[in-house]
Amino acid sequence: MMGMLQLKLDPAAEKAFKESKTDKAVRWIRLQIQDEKISETGRGAATEDVEKDIDGGLRGSVKEEDVPFYAVVRATGDCDWVVFAYIPDAAKVKERMKYASTLENLKAQLGDSILGEVRGADKDEIEWARIKALVSKKKGDTDFTDAMTESEKQRAEDDAIVRKEIAERKADTSYGGVSSGIHNVTFPIGASAVEAMKKIGAGDAKAVVIKNENGKLELAETFADAGSIDDVTKTLETESRFIIWNVGKQVKKAEKKDDDSSEEEEEKKEENGSACDHLFIYYASDSCPVKKRMHYASSCGACYEHADANGCHFLKRLEFSEKEEITSKEIENALKPADDDDDAGEAPSKPKPKIPGQQGQRMLIG
């Protein structure tokens with residue numbers, strides 16, 4: 001078995017690391033074994049987003065996924081650094097052994113500023129969350145502010161303010177919001193968004209998409225005659241959105257006497273005073289920046305109440321974290337009564353329970 005190799009850190013790489021310990025413009029330095037020494041082969045600048053620097057910058061620098069390397073990552077300012085050892089399974093056996101057996105020697109040469117190491121065998125394992133978890137484990141509760149640029153510190157402060165606002169608004173923007181008025185709403189709404197809500201409430205639109213723009217609910221798009229929910233979802237991108245979907249007038253199956261009772265159905269349509277029924281869909285995009293996700297979460301109840309007050313009649317509220325989850329099938333399932341028997345007389349198969357994180361809607365209320 002190969003023991004610990006005593007490969008030397010190249011003087012230029014050693015100098016670069018020493019300088020980077022006090023230079024907060026550098027987020028990571030990539031090192032690779034070349035000509036029996038450990039040399040620098042790249043570095044990444046510190047931007048306003050630590051996670052992006054690692055998950056995007058360092059991971060994005062991997063051009064050949066079968067080639068191993070080390071990355072020395074600044075974790076908490078100029079004091080604590082972490083070595084990320086990328087040793088892919090696809091690399092040659094000899095290369096894997098060389099990098100694995102050189103790791104301890106490299107940490108020793110880098111000195112006491114190395115807090116520990118994180119290993120990854122797959123490109124997707126290069127992520128800030130794993131490095132952050134190691135630091136938290138080693139040092140306890142760490143806020144990481146000393147690893148941040150001034151812009152990052154400001155953003156962290158802004159996020160803390162938003163979290164406090166959400167906690168304060170929680171009682172007013174919960175999903176048990178009032179249906180007869182909007183006196184609890186703390187988010188303003190644009191005139192075009194109100195008009196769109198009235199339009200779809202009257203049945204004159206198929207879908208309305210609402211966005212949160214700097215704390216104000218605004219109209220993103222109106223669909224006059226979308227063929228299916230797929231026509232709406234294909235326009236969605238990474239930012240969260242609120243979707244009001246017109247499902248027509250839903251008549252409970254148990255209240256129908258026969259398939260030809262059209263007059264009875266027309267009476268049912270006017271029973272609650274609305275021209276049509278709707279679904280409220282909250283697209284809580286996982287790809288949306290954290291701060292914006294929090295803004296959307298805190299304004300969700302307000303958006304629902306505004307729509308309710310402007311003529312929409314909601315049957316259900318649904319939440320999805322990925323736009324691929326918002327499908328015609330999911331909409332159909334949401335509208336299906338719980339006791340809806342199969343027309344052929346056979347009991348319908350029960351859907352498999354969803355595991356958190358898997359695709360499929362999260363039903364918020366019935």
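This is a predicted model: local features need pLDDT of at least 70, side-chain atom pairs count only at pLDDT 80 or more; totals for chains, interfaces and linings use all residues.
Residues are numbered from 1 along each chain as its sequence is written, and side-chain values use heavy atoms, with hydrogens and water left out.

Six strands make up an open sheet of mixed pairing, in the order β1-β3-β2-β4-β5-β6. Helices (H or I, at least four residues) and strands (E, at least two) are DSSP runs, numbered from the N terminus. Two strands count as paired if DSSP finds at least two bridges between them. At the edges are β1 (8-9) and β6 (114-120), each of which pairs on one side only. In general, strands of a sheet pair through backbone hydrogen bonds, either parallel or antiparallel.

Within this sheet, β2 and β3 run antiparallel and are joined by eight bridges. Q34 has K37 in β3 as its bridge partner. Helix α1 (residues 11-20) packs on the sheet and touches β1, β2, β3, β4 (69-76), β5 (80-86) and β6; its direction makes about 35 degrees with that of β3. Touching here means contact, that is, heavy atoms within 4.5 Å. Axes are lines fitted to C-alpha atoms, for helices over the stretch in contact, and angles run from 0 to 180 degrees between N-to-C directions. Helix α4 (residues 128-139) lies across β4, β5 and β6, and runs at about 140 degrees to β6.

Strand β5 is mostly covered, with seven of its seven residues buried. Buried means under 20% relative accessible area, exposed means over 50%, and partly exposed is in between (1.4 Å probe, protein chains only). In a regular strand the side chains alternate between the two faces of the sheet. In β5, D80, V82, F84 and Y86 point one way, W81, V83 and A85 point the other way, and all are buried.

On the β4 side, β5 pairs in the antiparallel sense over seven bridges, and T76 stands opposite D80. With β6 the pairing of β5 is parallel, over six bridges, and A85 has R119 in β6 as its bridge partner. The chain goes from β5 through α3 to β6 in a right-handed β-α-β crossover. Right-handed means that, with the strands pointing away from the viewer, the path from the first strand over the helix to the second runs clockwise.

A nonpolar core is a set of buried Ala, Val, Leu, Ile, Met, Phe, Trp, Tyr and Cys residues joined through side-chain atoms within 4.5 Å. The largest one has 24 residues, and I210, L217, F242, I244 and F280 have the most contacts inside it. Two or more residues come from each of α6 (191-201), β7 (207-213), β9 (241-248), β10 (277-283) and α9 (290-309). Of these, α9 gives the most, with six residues. A second, separate core of 20 residues includes L9, F17, W81 and L103.

Side chains of opposite charge can pair when their charged atoms come close. A salt bridge is a side-chain nitrogen of Lys or Arg within 4 Å of a carboxyl oxygen of Asp or Glu, and the whole structure has 14 of them. One of these joins E36 to K98, with the closest N and O atoms 3.6 Å apart. This pair links distant parts of the chain: E36 is in the loop between β2 (26-34) and β3 (37-45), and K98 is in helix α3 (residues 93-110), 62 residues apart. K98 is buried, at 13% relative accessible area.

K98 also forms a salt bridge with E95, at 3.8 Å from N to O. The two are three residues apart in helix α3, and are therefore separated by about one helical turn. E95 is partly exposed, at 27%. Shared partners join E36, E95 and K98 into one network. A further salt bridge is formed by E40 and R43, at 2.9 Å from N to O. Both ends are partly exposed, E40 at 29% relative accessibility and R43 at 43%.

Most residues other than glycine have a negative phi. E36, however, has a positive phi near 60 degrees. N214 has a positive phi near 55 degrees; N214 is in the loop between β7 and β8 (216-223) and is exposed, at 80% relative accessibility.
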